[in-house]
Amino acid sequence: MKMSKYSLAALLAGAAISPAMAGEKEELLKIRNTTLNLIELLVEQGVLDKSKAEAMIQKAEAKAAADAKKAVEEEKVQAARDAAPGDGGSKPAVRVTYVPDFVKDEIRQQVRDELRADVVKDVKAHAKEEKWGIPAALPDWVNRFKLTGDMRLRGEGDFFPSSNFSNEVIRSHESWLFANWYNVNNGASVTDIRPTSTAYLNTSEDVYRYRMRFRLGLEAQITDGLKANARLATSNSRSPVSTNQTLGQTGQQYEFVLDRAFLQYDYKDGKGRDWLTLWAGRTMNPWLSTDNVFDSDVSFEGVTGTFRVPLPGGSATYVPPTPNARYGTNMGFTRPNSVFLTSGVYPLEEFQLSSNDKWLWGSQLGVDLLFQETSRFKAGVAYYNYRNVKAQPNHYVAGVAGDLGDRNYTAPQFMQKGNTLMQINTSGDPSTTNFPSKVGLASGFEIFNAVASYDYSGFGNTHIILTADYAKNLGFDEKDILGRIDPTTFGIVNYVDLKDRTTAWQVRMDLGTPEIKKWSDWNLTFAYKYLERDAVLDAYTDSDFHLGGTNAKGWVVGGSYGLAQNTWLNARWMTADQIDGPDYGIDVLMVDLNARF
């Protein structure tokens, strides 16, 4: 007994099959429902368009009805032939209504096999022809690229307590304690006390501003284990700690800069364990760290490697953490139950006429432990050595006004505020004036940093995360600083004393969903921060707390709430006061609308 193929149309019309095959009808109805469920699943996954699926079903049902009608008519004709007497008085034909079970089973299996092959073949043919998104239907190069992006709209208010010195008092006394030394290095003069002068920090006028950030990233899989990454971002300055674009530029177009560009190599063994990751180029932050040491927007230019040793009970599957999933922290590139060692070397500033280029060398040893799938503990100790960043005063020639400017290059290309600064040159003859026009870092920076984080997720999607961070600058040397101060200058320009203020620490608690992905996801953050003036390099620390820099202490309170898929609202309140020097408090409110794709 041979069974002809059942088309998809015939299966969808299974209810119209003759009652003589009740058992087969039940089996075909199961297959029919399975086929419909398969089509519905393809629609839900986005592989098949809903309108196309409905059109396919309608077309199949119409064809099935026609086939069923034709089958009934053929059956009636065959029944009439069987009932007619045979030629020459022969006996009428006898119909056998009994079919053995093993024959039925063979028919069912044959129908299943032929149905599966026909349906898969038909669906793949349509997918390839109409580009539904099945990988086999797309060109190979398309599957090797991944596009990501995010956008943030921000409303910000900067508030200055009445206890601060007013800008009028500062300018009338020409106080250098509130000078904006970054602007002085770029041409502003401390002798300019006009209200429009940019040589001094704002201490008394509340500011409201609106900002936006847009970033677009591309990842390309070159070959097994090797990727290329690039990211474009908005920017209206050369700040390494911000990619914000401030609105209100008289309609001028925004800059779009290359924020990251690097190669990444991952080595995995035959069991899928990832032992090594190497980065080269302008990369993301590879360190287990907080924004006390590195702002969330800092990129690293150079070469970095992370080596991991699995511990018993470790997972063989490594999923890289989402960068900056929690603002203010970076969890590094680790995996559960492993020991890791990260090292990197980064050029900071290159000079054509000097071999004393500025560099950052860093190493970190840490551990990542997972307990019973609900508790995760990470800890790391790091050493960051900034080389050739100390200022050197210029030389003078007797009888020549001003200095030679031979060491102006030792001034930092970028700084915020807080670090102890010394004079590099003057604006005129040192015998008559000592007004500085170029300043640099008085201290060296060799930072010891210890970070620990404990994440408890025993409440489902709600996490409790405790984080502690401690930093100590081992590069501060008072004798070395005094030995570099030229006696013809004022020396230290932004503090009345020279003290060892080289400690920073932070304690923080996060409650809720670590990364906001969908509607009603939420989290809350509470933190206390303390940064003495020479604890870390002020150029790379948090740019929001106390409006950037060191020599500040205070609280951070924030929260986020998911508004839709990959869309969320975030708000932060930061209140900070200056540690050394006159009263200088800054309160900052930020409200962000975020979206990513």
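Q: Where is G444 found, relative to β14 and β15?
A: G444 is in the loop between β14 (436-441) and β15 (445-459); strands here are DSSP runs of E, at least two residues long, numbered from the N terminus. This is a predicted model, where local features need pLDDT of at least 70, side-chain atom pairs count only at pLDDT 80 or more, and totals for chains, interfaces and linings use all residues. Residues are numbered from 1 along each chain as its sequence is written, and side-chain values use heavy atoms, leaving out hydrogens and water.

Q: Why is G444 called buried?
A: Buried means under 20% relative accessible area (exposed is over 50%, partly exposed in between; 1.4 Å probe, protein chains only). G444 comes in at 10%, so it counts as buried.

Q: What is G444 in contact with, beyond four places in sequence?
A: Contact means heavy atoms within 4.5 Å, and G444 has that with K390, N473, G475 and F476.

Q: Why does T525 count as buried?
A: T525 sits in strand β18 (residues 522-531), and its relative accessibility is 2%, so it goes down as buried.

Q: What makes the T525 and D510 side chains a polar contact?
A: A polar contact is a pair of N or O atoms within 3.5 Å; within protein, one must be able to donate a hydrogen and the other to accept it, and residues adjacent in sequence count only if both atoms are side-chain atoms. The T525 and D510 side chains meet at 2.8 Å.

Q: How do you know that T304 is buried?
A: T304, in strand β8 (residues 300-310), has a relative accessible area of 1%, so buried it is. Its side chain also makes a 2.7 Å polar contact with that of Y346.

Methods. Helices (H or I, at least four residues) and strands (E, at least two) are DSSP runs, numbered from the N terminus.
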